[in-house]
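Thanks for asking me to look this one over. My notes follow as numbered points, with the model on screen beside them.

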Amino acid sequence: MTQPSHDDVTRARLIPPVPVSVAPMAGGPSTPELVAAVVGAGGGGFLAGGMRTATQMREQVDALRALLGA
């Protein structure tokens with residue numbers, strides 16, 4: 001069995017098989033853990049950035065990548 005290509009994995013994450021997404025909720029609810037759970041369940045997710053500094057966003061993105069194994 002062959003491994004899926006990087007493009008296949010990226011496409012699967014960007015185009016979820018089910019119409020479920022987590023919206024970017026300012027103030028804290030859209031955490032890397034919540035987004036990773038939704039993506040892991042086959043949906044799509046967004047991190048909120050409107051109320052975060054660039055450094056805080058970088059930390060959130062790094063945490064999400066670690067949770068997704070990306």
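1. How much accessible surface does the protein have, and what share of this surface belongs to carbon and sulfur atoms? The accessible surface is about 4900 Å², and 61% of this belongs to carbon and sulfur atoms. Accessible areas come from the Shrake-Rupley method with a 1.4 Å probe, and for residues only the protein chains shown count as cover.

2. A word on what you are looking at. This is a predicted model, where local features need pLDDT of at least 70 and side-chain atom pairs count only at pLDDT 80 or more, while totals for chains, interfaces and linings use all residues. Residues are numbered from 1 along each chain as its sequence is written, and side-chain values use heavy atoms, with hydrogens and water left out.

3. On confidence, the mean pLDDT (the predictor's confidence in each residue, from 0 to 100) is 81 for the protein, and 79% of its residues reach 70 or more. Confidence is lowest in H1, with a mean of 70, and highest in H3, at 94. Please keep that in mind as you read on.

4. The protein has 3 helices and 2 strands, and from the N terminus on these elements run α-β-α-β-α. Helices (H or I, at least four residues) and strands (E, at least two) are DSSP runs, numbered from the N terminus. Contact here means heavy atoms within 4.5 Å. Of the contacts with a separation of 6 or more, 42% join residues 24 or more positions apart.

5. Now for the inside. Buried means under 20% relative accessible area, exposed over 50%, and partly exposed in between (1.4 Å probe, protein chains only). Of the 70 residues, 20% count as buried. The largest nonpolar core has 7 residues, namely Val-22, Val-35, Ala-36, Val-38, Val-39, Leu-47 and Leu-64. Helix H2 (residues 32-40) gives the largest share of this core, 4 residues. A nonpolar core is a set of buried Ala, Val, Leu, Ile, Met, Phe, Trp, Tyr and Cys residues joined through side-chain atoms within 4.5 Å.

6. H2 deserves a view down its axis. Its buried residues are Pro-32, Val-35, Ala-36, Val-38 and Val-39. Just after H2, Gly-42 takes a positive phi of about 100°. Ala-41, in the loop between H2 and strand E2 (44-45), is exposed, with a relative accessible area of 63%.

7. Val-20 sits in the loop between helix H1 (6-14) and strand E1 (21-22) and counts as partly exposed because its relative accessibility is 47%. Beyond neighbours within four places in sequence, Val-20 is in contact with Val-38, Gly-43 and Gly-44. Val-20 and Gly-43 are 23 residues apart in sequence and 4.7 Å apart in space, C-alpha to C-alpha. For Val-22, with residues up to four places away not counted, the contacts are Leu-34, Val-35, Val-38, Gly-44, Gly-45 and Phe-46.

8. Why does Gln-60 count as buried? Its relative accessibility is 17%, and the cut-off for buried is under 20%. Gln-60 lies in helix H3 (residues 54-68). Neighbours within four places in sequence aside, Gln-60 is in contact with Ser-30, Thr-31, Pro-32, Leu-47 and Arg-52. Ala-66, also placed in helix H3, is exposed, with a relative accessible area of 60%.

9. Last, charge pairing. Side chains of opposite charge can pair when their charged atoms come close. The count comes to 1 salt bridge, defined as a side-chain nitrogen of Lys or Arg within 4 Å of a carboxyl oxygen of Asp or Glu. Arg-58 forms a salt bridge with Asp-62, with the closest N and O atoms 3.3 Å apart. Both residues lie in helix H3, 4 residues apart, about one turn of the helix. Arg-58 is partly exposed at a relative accessible area of 46%, and Asp-62 is partly exposed at 39%.
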